[in-house]
Amino acid sequence: MKNKKIPLRKCIICGERKEKKELIRIVKNKQGDIFIDDKGKANGRGAYICNNSECINRSFENKSLNKTFKSNISSEVYEELKKEINQHE
């Protein structure tokens with residue numbers, strides 16, 4: 001029996017490669033909405049961030065998500081991210 005390789009994704013903030021379950025996926029859909037994809041089923045351009053407060057704070061400070069999605073991200077999305085992290089910790 002073959003061993004399955006676990007696909008790794010890269011955090012856009014720190015650059016670490018981790019399993020999907022260790023990351024939070026943020027998606028921008030065709031309508032331009034940016035949100036957390038907690039079910040992993042949303043279509044659209046996505047980015048992964050580590051589910052720790054350090055990466056979230058760094059992304060907010062240097063506007064990494066704005067650059068990734070080429071649009072302004074509201075502070076509400078960052079607040080959602082912080083809530084999501086608190087649930088994981």
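This is a predicted model: local features need pLDDT of at least 70, side-chain atom pairs count only at pLDDT 80 or more; totals for chains, interfaces and linings use all residues.
1. As for the inside, buried residues account for 35% of the 89 residues.

2. Now the fold. You'll find 5 strands and 3 helices here, and along the sequence they run β-β-β-β-β-α-α-α. The radius of gyration is 13 Å, close to the 12 Å that the globule rule gives for 89 residues, so the protein is as compact as a globular protein of that length. If you want the outline, the C-alpha trace spans about 45 × 30 × 20 Å along its principal axes.

3. What holds hands with what? Take the contacts between residues at least 6 apart in sequence: 48% of them join residues at least 24 apart.

4. The largest nonpolar core has 19 residues, and the members touching the most others are Cys11, Ile26, Ile49, Leu65, Phe69, Ile73 and Leu81. Strand 3 (23-28), strand 4 (34-36), strand 5 (45-50), helix 1 (53-62), helix 2 (64-69) and helix 3 (75-88) each put in at least two residues. Strand 5 gives the largest share of this core, with 4 residues.

5. Leaving out residues up to four places away in sequence, Leu81 touches Ile24, Ile26, Ile36, Ile56 and Leu65.

Terms used:
Residues are numbered from 1 along each chain as its sequence is written. Side-chain values use heavy atoms; hydrogens and water are left out. A nonpolar core is a set of buried Ala, Val, Leu, Ile, Met, Phe, Trp, Tyr and Cys residues joined through side-chain atoms within 4.5 Å. Buried means under 20% relative accessible area, exposed over 50%, partly exposed in between (1.4 Å probe, protein chains only). Contact means heavy atoms within 4.5 Å. The radius of gyration is taken over C-alpha atoms; the globule rule is 2.2 Å times the number of residues to the power 0.38.
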